[in-house]
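Hi,

Here is the structure I said I would pass on.

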Amino acid sequence: MMMPHHALEILLTRPLVPAELRDAARVLPLATNHDTTRLMALVRAKTPGRAAHRLRQHLATRLPVDVITTHYPDAVGQVLLNLAFPPAVHATIRHAAHEAGQSPELFVQLALHRALAQHASDEADRLDRAVRHLLAGTTAAHLLAAVGHALTRTPGAAPA
């Protein structure tokens, strides 16, 4: 069986200096964004989780790795999030997970899902309030035309 490659994105806590990037690139080929705060790597492993673990093992002592994620969503549209918590945070998570009768991984996953759902709800409420405020001073047709115009303009183009 051929072992697949997994595309992983590495978010760093700070931009890299050139020597750090050269040192890390000797271990694993890396692609970087313009300010060296995000890297991409292809890692061979049976699963995305193993690939992220392997990548963290190779780079954690060389780079200020904050988060590793799979670059492409899986079949159900989710990306893997690989975090390395400080020992005190990890202990707190383990304790809270135990109290909730869950594994630490499930506990963090559910907490993250709740936070994202709350954020989406808050954003929908904010947009609803903004639209109602705009409609107080114009008609729905004018607002819709303005939104359509704004969405079809080329980004960065001078206003007409």
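The classes here are buried for under 20% relative accessible area, exposed for over 50%, and partly exposed in between, using a 1.4 Å probe and protein chains only.

Before the rest, some ground rules. This is a predicted model, so local features need pLDDT of at least 70 and side-chain atom pairs count only at pLDDT 80 or more, while totals for chains, interfaces and linings use all residues. Residues are numbered from 1 along each chain as its sequence is written, and side-chain values use heavy atoms, with hydrogens and water left out.

On to the charged pairs. Side chains of opposite charge can pair when their charged atoms come close. Searching the whole structure turns up five salt bridges, a salt bridge being a side-chain nitrogen of Lys or Arg within 4 Å of a carboxyl oxygen of Asp or Glu.

Aspartate 128 is in one of them, with arginine 132, at 2.8 Å from N to O. Both residues lie in helix 4, four residues apart, about one turn of the helix. (Helices are DSSP runs of H or I with at least four residues, strands are runs of E with at least two, and both are numbered from the N terminus.)

Helix 4 (residues 104–135) also holds glutamate 123 and arginine 126, three residues apart, again about one turn. Their side chains form a salt bridge at 2.7 Å, N to O. Glutamate 123 is partly exposed at 29% relative accessibility, and arginine 126 is partly exposed at 41%.

Aspartate 23 bridges to arginine 62, with 3.6 Å between the closest N and O atoms. Aspartate 23 sits in helix 1 (residues 18–27) and arginine 62 in the loop between helix 2 (48–59) and strand 4 (65–70), 39 residues apart. Both are partly exposed: aspartate 23 has a relative accessible area of 31%, arginine 62 one of 32%.

Strand 4 also contains threonine 69, which is buried at 13% relative accessible area. Leaving out residues up to four places away in sequence, threonine 69 touches Ala7, Leu8, Glu9, Leu80 and Leu81, where contact means heavy atoms within 4.5 Å.

Last, helix 3 (residues 87–100): its 14 residues reach 20 Å from first C-alpha to last, close to the 20 Å expected. The expected span is 1.5 Å times one less than the number of residues. Just after helix 3, glycine 101 takes a positive phi of about 70°.

Cheers
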